[in-house]
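Let's take a walk through the charged side chains of this protein. Have a look at the model first, and then we'll go through the charges step by step.

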Amino acid sequence: MTRKYAPSITDIEALAHDARQRLPPAFVEKALEVAIRVENMPNAVLLSEMEIEDPFELTAVYEGIPLTQKSVSDQPFAPDTVTLFRRPILDEWASRGDVSLAELVGHIVVHEFAHHFGWSDEDIAQIDRWWE
């Protein structure tokens, strides 16, 4: 059966939740405390704050206080959140043509959770075998 429509926000969100569950077991419980959202595109305020001109360059963002910097005195106004941007993800997926959408979303999720956990590039390389 040929798909007639691009994957939806709900489709991307399901892939992101699945990718979070596939993080190393020692991290899954803390990862479940982070909200996952999917929006079609990043908004102008976020792009301006990040000094990004082309909205298709931003596939996701982590917003929160990394665990390596959290304090018991922190009073968060919202949960830590990973937000994925559907259209830039689909654009990258289509232009690559060499990975599945699940692989791409998984790669993005690992990199956003790296911000939350304070992982080094070496840590990420052990978790995300993207190049293989």
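Predicted model: local features only at pLDDT ≥ 70, side-chain atom pairs only at ≥ 80, totals over all residues.

Residues are numbered from 1 along each chain as its sequence is written, and side-chain values use heavy atoms, with hydrogens and water left out.

How many salt bridges turn up in a search of the whole structure? There are 4, where a salt bridge means a side-chain nitrogen of Lys or Arg within 4 Å of a carboxyl oxygen of Asp or Glu. One of them joins Asp18 to Arg22, with the closest N and O atoms 2.2 Å apart. Asp18 is partly exposed, at 41% relative accessibility (buried is under 20% relative accessible area, exposed over 50%, partly exposed in between, with a 1.4 Å probe and protein chains only). Another pairs Lys30 with Glu33, at 3.8 Å from N to O, and Lys30 is partly exposed at 38%.

Then there's Arg96, which bridges to Glu92 with 2.9 Å between the closest N and O atoms. Both sit in helix H4 (residues 86-96), 4 residues apart, or about one turn of the helix; helices here are DSSP runs of H or I with at least four residues, numbered from the N terminus. Arg96 is partly exposed at 36%, and so is Glu92, at 22%.

Definitions and conventions
Helix = DSSP H or I, 4+ residues; strand = E, 2+ residues; numbered from the N terminus.
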